[in-house]
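Reader: Please take a close look at the charged side chains here. Which ones pair up, which stay alone, and how covered are they?

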Amino acid sequence: MKVLVDGDSCSIIHQIEKIAEGYGLPVIIFADMQRCIHSEYSTVHYVLPGKDSADKAIINNLDKNDIVVTADYALAALVLSKCGKCIHPHGFIYTDENILSLLTKKYLIRKMLRKHPKKKVKGYNVGPKMHCNFNRSFPVLIEESIKNDQVAYKEEEKCKKIIKMGSNI
């Protein structure tokens, strides 16, 4: 299990590294070459600049139960479809239950902005409260993923024993 970070949409890399290091998890940051990211702990993979090039690299390197940190809803949907875990830099965890409503909301906002380009959409302030949410949610997601890995390993061992017993008959 590893942590993959969308460096193009994530500003809390230091926090991610600090928490992941506490669990002994490797962190891989994907960003296009226009960004300058330096890290003592993480591996940084630079991709050629282009629409969604970092996202494609993340999906290509994603294994089941890996954790992806991204603010990109479309990338989150792809991660979930490949049995990965995904968390927003503000701390909310993407799930199969909430991703469709998030994508729909994004679509409707874009549609409204195309129709009324001068209209502003109120956002939210990113501050200490948002970082606290991430600091609480990220370890919970890691622990859940570790637990899932252990269950999957036990199931795999059980299947191997059954197969071995069947071949001895």
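Author: Lys51 is exposed, with a relative accessible area of 71%. Exposed means over 50% relative accessible area, buried means under 20%, and partly exposed lies in between, with a 1.4 Å probe and protein chains only. Lys51 forms a salt bridge with Asp52, and their closest N and O atoms are 3.9 Å apart. A salt bridge here is a side-chain nitrogen of Lys or Arg within 4 Å of a carboxyl oxygen of Asp or Glu. Asp52 counts as partly exposed, at 37% relative accessibility.

Two notes before going on. This is a predicted model, in which local features need pLDDT of at least 70 and side-chain atom pairs count only at pLDDT 80 or more, while totals for chains, interfaces and linings use all residues. Residues are numbered from 1 along each chain as its sequence is written, and side-chain values use heavy atoms, with hydrogens and water left out.

Now the other pairs. Side chains of opposite charge can pair when their charged atoms come close. A search of the whole structure finds four salt bridges. One of them joins Lys85 and Glu144, with 3.7 Å between the closest N and O atoms. Lys85 sits in strand β5 (residues 85–87) and Glu144 in helix α5 (residues 128–168), so this pair ties together parts that are 59 residues apart in sequence. Helices (H or I, at least four residues) and strands (E, at least two) are DSSP runs, numbered from the N terminus. Lys85 is buried, at 17% relative accessibility. Glu144 is partly exposed, at 38%.

Some bridges share partners. Lys2, Asp63 and Asp66 are joined into one network in this way. Within it, the side chains of Lys2 and Asp63 meet at 2.7 Å, N to O. Lys2 lies in the segment before β1 (3–6), and Asp63 lies in the loop between α2 (53–61) and β4 (67–69), so the pair links parts that are 61 residues apart in sequence. Lys2 is buried, with a relative accessible area of 14%. Asp63 is partly exposed, at 45% relative accessibility.

Next, a charge without a partner. Asp32 is found in strand β2 (residues 27–32). Asp32 is buried yet has no salt bridge. The nearest side chain of opposite charge is Arg35, 6.2 Å away. Lys and Arg count as positive and Asp and Glu as negative; His and the chain ends are not counted. What does Asp32 touch? Its contacts (heavy atoms within 4.5 Å) are Asp8, Tyr46, Val47, Leu48, Pro49 and Ser53, leaving out residues up to four places away in sequence. Ser53 is placed in helix α2. Ser53 is buried too, with a relative accessible area of 18%. Ser53 touches Asp32, Val47 and Leu48, under the rule that skips residues up to four places away.

Arg110, Lys111, Arg114 and Lys115 form a positive patch. Patches are made of residues with over 30% relative accessible area and no salt bridge; like charges are joined within 9 Å, and nonpolar side chains (Val, Leu, Ile, Met, Phe, Trp, Tyr) within 5 Å. Arg114 belongs to helix α4 (residues 99–115). Arg114 counts as exposed, at 60% relative accessibility. An α-helix has 3.6 residues a turn, so residues three or four places apart point the same way.

Helix α1 (residues 13–23) also holds a covered charged residue. Its buried residues are Ile13, Gln15, Ile16, Glu17, Ile19 and Ala20. Just after α1, Gly24 takes a positive phi of about 70°.

Last, the setting. The chain has five helices and six strands. From the N terminus on, these run β-α-β-β-α-β-α-β-β-α-α. Buried residues make up 38% of the 169 residues. The accessible surface comes to about 11100 Å², and 57% of it belongs to carbon and sulfur atoms. Accessible areas come from the Shrake-Rupley method with a 1.4 Å probe; for residues, only the protein chains shown count as cover. Among contacts between residues at least 6 apart in sequence, 50% join residues at least 24 apart.

Note on methods. The place of a charge is taken as NZ of Lys, CZ of Arg, CG of Asp or CD of Glu.
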